[in-house]
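Q: Could we go through this one together, starting with how the chains meet and then moving on to some local detail?

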Amino acid sequence: MGKRRSLYLSFLLGPGAFWLLMFFVVPSLLVVVYSFMERSSSGGVIWNVSLEAYAKLFTFDPESLFVNDFVVIFLRSFWWAVLTTVACLLIGYPLAFYIAQQKPTARMILLFMVMIPFWTNFLVRTYAWKFILNNNGLINTVLSSLGMQRIPLINTPTAVLIGLVYGSLPFMVLPLYASIEKFDYTLVEAGQDLGANYFRIFTRVFLPLTMPGVAAGCILVFIPAVGQYVVPTILGGGKVAMLGNILAQQFGAALNWPFGSAIAVVFMILLMAGVLIYFAVEREEEAV
Amino acid sequence: MTVQHAQEGSLTRPTTTDTYYPPQKAGSLLLTWGKRLLWANMIFSFIFLYAPILVLVVFSFNDSRFAAKWEGFTFKWYGELLSNDAIISAFWNSIVVAVLSTIIATLLGTMTAIAMERFRFPFRKTYDGILYLPVIVPDIVMGIALLAFFALALDWINTALALPSDSALRPGLTTVIIAHVAFNISFVAIVVRTSLRDFNKALEEAAQDLGANEWITFRRVTLPLIMPGILGGALLAFTLSLDDFVITFFTTGPGGTTLPIDVFGRIRRTISPEINAISTLMLMMSIVLVIASQTLQRRRE
């Protein structure tokens, strides 16, 4: 590489790299450092190395195992994210398949109809459900005008799960559609010529070839769902908390930054481990 | 012998109807039911996606304080929005943040994309990974990391400059813009890299063979060809910035209220026809943005 060329490269790369280093990498490392510090009750940390935060997170008192909020919330967040991903896949896969089968004009319109919610503000979409489920919301207003008892719908796990699926569905459909659209249908004919039935063609040919879309969709749904803050706050009212709520709480009202940092570190390690295992398995399958 | 054309959506090629093939018949029965199920799922999905939004829009015209009881048509909630100073100023803050962060992120993201696609350098693979991280990391984690970082950095600056507490630097619109650029660089870089990968490198080589230097080649050949990609990236960055709540929530301070921050404060408390009206306007804005992005995409293809 000539001198001029390497100068040109550093001009191109420098500003972006500086920004990412300064305002993404350094803050992330700072969280790791903070997790090993002592708590300052006025926010921030006291610069003394301490394992207090991790001790608090990993102290399992067998008697209070399922009373310990943090453990429960960790498990709940991951479990709900799994449920959300599965629900989105079950609705989204057939939907993407259906759209991909339409004539170009119909396909364009349907795709456009998936994109509008995709681009619509997440707060607005979450509020729409609050409007429906609230105690003075649409369902309860209708019920009471029919002379029936109001039912508590908001601030329940169901409300949060509906909100999670509703918010995530477009993120599942679009990557799925992209990979289903690329599918080469002559492979189905090949399968039929070889005597395979539809079920076999689907499981042996169609599903494996659209797997990249499934993977992309699952990652795009799962990761934001585990870390959700808006949905459990608006539709769970803080009563059905998820990881995002305890993170916000530790950095906010509770003023325990080291503990909040430790939660974030463990959370990121679990997520990264999940993604890495996923890709390792994927690569092995490709090799076979 | 009549040839029946395969219907849209069937997996079969055109088949003859007057010959009896038992396995196919069983298969096509399955297909008919499969198609009905697919159709039903599609209808269900779109009702699920649109019913809540439509309800929201309809009730923004409801002439009643009680949000969900229909009492007649009115535009008054929209009128009240226009005279609500808090909302108007939050709206302008959002526009300022989105415009500035989009300009900076598009510039830096495009430069990064060119460096990644046209150069080989040490630690390129590592940097490639780092570049994807802001897209994958949950926004709440990036939010608290930036909160911790800005608190520390501003504290250091204030101490170093010995600023009195009334003129001390605090989080606000500037920190929000910095944070938005930090996540948008990655999104822009990803979009622009796709368009750099798609086009024929021979065009650039041809320009250089004809004596154009790197700058002329870039301005006359590369830039026009990747322009739709850059605009697509900018549009994405603009939308993400305009819509962002979580990262803004953790990086903002006094005087740095954006529209989503204002709206969050309201919807957390209650439901009301004003919120329905703001939501409807935000929805309209999104639809305009989708149309813009789709038009761009068509032009790119």
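Predicted model: local features only at pLDDT ≥ 70, side-chain atom pairs only at ≥ 80, totals over all residues.

Q: How many residues of chain B are in contact with chain A?
A: On the chain B side there are 95 residues, and they are in contact with 83 residues of chain A; the area buried between the two chains is about 8300 Å², with carbon and sulfur atoms giving 79% of that area.

Q: Which helix gives the largest share of the side of chain B that touches chain A?
A: That is helix α1 of chain B, residues 22–59, which contributes 18 residues, while the whole of that side divides into 69 nonpolar, 16 polar and 10 charged residues.

Q: Switching topic: where does A:Thr210 lie?
A: A:Thr210 lies in the loop between α9 (198–209) and α10 (211–226) of chain A.

Q: Buried or exposed, that A:Thr210?
A: A:Thr210 is buried, its relative accessible area being 0%; its side chain reaches the backbone oxygen of A:Phe206 at 2.9 Å, and, leaving out residues up to four places away in sequence, A:Thr210 touches A:Tyr93, A:Ser179 and A:Ile180.

Q: Last one: why is helix α12 of chain A described as largely enclosed?
A: Because 8 of the 9 residues of α12 (residues 243–251) in chain A are buried, the helix is largely enclosed by the rest of the structure; the buried residues include A:Leu243, A:Ile246, A:Leu247 and A:Phe251.

Definitions and conventions: Residues numbered from 1 in each chain as written. Chains lettered and ligands numbered in written order. Heavy atoms only, no water. Buried < 20%, exposed > 50% of the residue type's maximum accessible area, 1.4 Å probe, protein only. Helix = DSSP H or I, 4+ residues; strand = E, 2+ residues; numbered from the N terminus. Polar contact = N/O pair within 3.5 Å; in protein donor to acceptor, adjacent residues only side chain to side chain. Contact = heavy atoms within 4.5 Å. Buried area = accessible area lost by both parts, 1.4 Å probe. Nonpolar A, V, L, I, M, F, W, Y, C, P; charged D, E, K, R; others polar.
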